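Subject: Structure handover

Hi,

Here is the structure I promised you. Please load it first, then read my notes below.

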Amino acid sequence: AVGQHQLNHAFSEYVVGLRFCDRTVAMKSVEKLISKLNKNTTLLYQFTRAAEDNLYSETAEIWIDEIYLKFIEAVVKNKKIKKERKIRYITQYESLKNSIIGSKAQKFEFIDRSGTKTMFSAEAKPTIIIFGSPDCIDCMMTKVRLNSDEKIIQLAKDNEIKIYFIIPDGGEDNWKNMVADYPHYWTVGVSDSVSDIYDIRLSPTIYLLNSERKIELKNVAIETIISTIIKNN
């Protein structure tokens, strides 16, 4: 074992290299490191905690999901680590592996504004999914930004793109009243299970799916989503 604080600092220096090197080089480096750590479960667990702090947590300077997934996969699959020590990582693993850029968008159930239970299934067209709360300031600003772009409005009205606003974790009892002024061409709903399927760390968390039903962008500014859609349409 090593001091966790010192390890976190050292790992932060390692992350600097990961940010700027070639993807193939980064993945090989991480895989080699994890191969060594698998021989010492204590160090594997400590390194995974360091990876969480530096690659996944809200305080991390940068999120690198594909690399963090490698660490938590090693913990989840290691039979020598007690289950109670890896419950959190099991949850993260399930949502992250479904949410990596380039992966196929997963289905999930939600209740729409009419009270109907619906299954989200990605269509073969650009799709924006906003996971958030109607009373979240940043969510409100995202809504305003989308509703002020004439190109996005027209594409959505013409059914060339789809826009979803989904409230995770069940939402408030009066959520329907809170979304009463949302555009009629948006699909708005609430889901108590989607956070188990999709990686939702921020409010809002925004995904862009492409016409191949795959995740193209996630955790980026709404301006980046808008510019990407307009460029491709």
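Strands here are DSSP runs of E with at least two residues, numbered from the N terminus. On that numbering, arginine 213 sits in the loop between S6 and S7. One caution before the rest: this is a predicted model.

**The sheet**

Seven strands make up an open sheet with mixed pairing. The order is S2-S1-S5-S4-S3-S6-S7. S2 (117-120) and S7 (215-218) are the edge strands. Each has a single partner strand, so one side of each has no neighbour in the sheet. On average, neighbouring strands are turned by 30° against each other, direction ignored.

Two pairings are worth a look. S3 (residues 127-131) and S6 (residues 205-209) run antiparallel, over 5 bridges. There, isoleucine 130 faces isoleucine 206 of S6. S6 also pairs with S7, again in the antiparallel sense, over 3 bridges. In that pair, leucine 209 is opposite isoleucine 215 of S7.

**Backbone points to check**

Most residues other than glycine have a negative phi, and most peptide bonds are trans. Please check these spots in the model:

- Arginine 213: S6 and S7 form a hairpin with 5 residues between them, and this residue is in the turn. Its phi is positive, about 65°, although it is not a glycine. Its relative accessibility is 35%, so it counts as partly exposed.
- Asparagine 219: phi is positive here too, about 55°, and this is not a glycine either. The residue lies in the loop between S7 and helix H9 (222-232).
- Proline 204 belongs to the loop between S5 (187-191) and S6.

**The core**

The largest nonpolar core has 31 residues. Which of them touch the most other members? They are Phe11, Leu55, Ile67, Tyr68 and Phe71. Five helices each supply at least two core residues: H1 (4-20), H2 (23-37), H3 (41-55), H4 (65-77) and H5 (87-97). H4 gives the largest share, 8 residues.

**The surface**

Ile137, Met140 and Met141 form a nonpolar surface patch. Together they have about 310 Å² of accessible area. Isoleucine 137 is part of helix H6 (residues 137-147). Is isoleucine 137 buried or exposed? Its relative accessibility is 57%, so it counts as exposed.

Best wishes

Methods
Residues numbered from 1 in each chain as written. Predicted model: local features only at pLDDT ≥ 70, side-chain atom pairs only at ≥ 80, totals over all residues. Heavy atoms only, no water. Pairing = 2+ DSSP bridges. Helix = DSSP H or I, 4+ residues; strand = E, 2+ residues; numbered from the N terminus. Axes fitted to C-alpha atoms, helices over the stretch in contact; angles between N-to-C directions. Patch = residues over 30% accessible without salt bridge, like charges linked within 9 Å, V, L, I, M, F, W, Y side chains within 5 Å. Areas by Shrake-Rupley, 256 points an atom, 1.4 Å probe, with all protein chains shown as cover. Salt bridge = Lys/Arg side-chain N within 4 Å of Asp/Glu carboxyl O. Buried < 20%, exposed > 50% of the residue type's maximum accessible area, 1.4 Å probe, protein only. Core = buried A, V, L, I, M, F, W, Y, C linked by side-chain atoms within 4.5 Å.
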